Amino acid sequence: MALIALAADKGAPGVTTAAVALGAVWPRPVLVAECDQAGGDLVYRLPAAAAGDAQPGGMLNPSRGLLSLAATARRGLRSDQIAEHCQRLVGGLDVLVGITGAEQAQGMTWLWGPLGRAFAGLDPVDVLADCGRLGAGTPVLDLMREADLVLLFTRATLEQVAHLRERVAALSAELRGGPPIGVIVLADPRDFRAQVAEVDRVITSAQGRHAADTLAGPAGPPPPAVTVLGGLALDPKGAELLAGSWGGRLDRSLLIRSAREVAGELVGRLAALHAGTVGRHAAHNGAPQLPPAAQVPIGQAGQIGQAGHAGQVGHVEEGSR
């Protein structure tokens with residue numbers, strides 16, 4: 001159904017945690033895919049569900065995932081090939097494990113565009129693609145061009161917002177005519193709304209200047225619109241609980257409560273896009289836009305394999321707020 005590419009700039013960690021948290025509360029069938037060229041972390045962080053005679057809680061298989069998919073995709077990649085290379089976490093969340101090191105990425109630059117198209121055609125499953133930290137001219141841009149939405153994560157510090165502003169300008173130029181860009185702020189719960197609002201002010205101001213420069217420049221495909229979509233709580237204990245590092249109620253953590261709100265917002269906007277409110281490449285004032293959020297009920301969703309999941313890293317049931 002929808003492909004959402006998640007990424008960050010220098011000094012803005014947390015993309016993998018955000019991807020898993022969003023996947024855990026996503027109200028539709030979902031796959032979390034590690035597409036970080038620097039190497040994935042899931043095999044070291046999260047336990048695998050039982051497979052065959054194995055006991056749950058073992059290690060994910062690092063050889064089954066993006067690496068094995070690439071080996072079978074040289075003659076063409078279809079959406080229906082992806083499920084064979086996915087694994088399931090304890091709790092039921094399906095993941096496509098990434099490469100284990102940057103060296104493996106050097107021979108896979110051809111993969112990202114076909115992989116993005118395969119993800120986008122993975123009906124009825126949404127894909128949250130963890131693209132890690134972006135750099136200039138990264139080949140993962142070929143995957144991002146196939147996405148319905150690109151999400152950039154930042155913390156509300158001076159240096160990280162400055163990096164974000166520069167990355168937004170560069171990415172807007174590289175994705176001209178492509179998907180809209182959303183910004184998610186990793187915010188301190190004690191000053192949550194103010195931090196989100198401040199990043200929104202900075203990005204809106206930068207977008208105004210960029211739009212003026214675009215109008216004065218040569219004609220061509222319009223750059224994507226950039227919108228601050230909300231925030232995820234900076235919640236170290238919630239992140240540890242998500243990884244099974246300590247006991248407690250995950251559904252009551254600030255991380256999961258904020259992730260549930262962001263997931264609902266994103267799915268509502270994606271539903272409006274796919275319903276034709278604003279088409280994938282449609283223009284509003286010449287640029288792709290994110291439509292207003294639709295009212296989408298949050299419920300339990302199945303995954304690529306068996307439907308129904310509850311537990312520490314699978315679908316998190318909504319508890320008391």
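User: Which residue in β7 is the bridge partner of Val30?

Analyst: That's Asp126. Keep in mind that this is a predicted model.

User: Ok. And how many bridges are there between β2 and β7, parallel or antiparallel?

Analyst: There are 5 bridges, and the two strands pair in the parallel sense. β2 covers residues 30-34, while β7 covers residues 126-133.

User: What about β6, how many bridges join β2 to that one?

Analyst: β2 and β6 (residues 94-96) are joined by 3 bridges and run parallel. Ala33 has Leu96 as its bridge partner there.

User: How many of the residues in β2 are buried?

Analyst: 5 of its 5 residues, so by that count the strand is mostly covered.

User: Which way do the β2 residues point?

Analyst: Val30, Val32 and Glu34 go one way, Leu31 and Ala33 go the other way, and all are buried. Side chains in a regular strand alternate between the two faces of the sheet.

User: Switching topic: where does Thr16 lie?

Analyst: Thr16 is in helix α1, which spans residues 15-25.

User: Buried or exposed?

Analyst: Thr16 counts as buried because its relative accessible area is 10%, and the cut-off is under 20%.

User: What does the Thr16 side chain make a polar contact with?

Analyst: With the side chain of Asp130, at 2.5 Å.

User: And which residues does Thr16 touch, leaving out those up to four places away in sequence?

Analyst: Asp41, Leu42 and Arg45, plus that Asp130 again.

Technical notes: Residues are numbered from 1 along each chain as its sequence is written. This is a predicted model: local features need pLDDT of at least 70, side-chain atom pairs count only at pLDDT 80 or more; totals for chains, interfaces and linings use all residues. Side-chain values use heavy atoms; hydrogens and water are left out. Buried means under 20% relative accessible area, exposed over 50%, partly exposed in between (1.4 Å probe, protein chains only). Helices (H or I, at least four residues) and strands (E, at least two) are DSSP runs, numbered from the N terminus. Two strands pair if DSSP finds at least two bridges between them. A polar contact is a pair of N or O atoms within 3.5 Å; within protein, one must be able to donate a hydrogen and the other to accept it, and residues adjacent in sequence count only if both atoms are side-chain atoms. Contact means heavy atoms within 4.5 Å.
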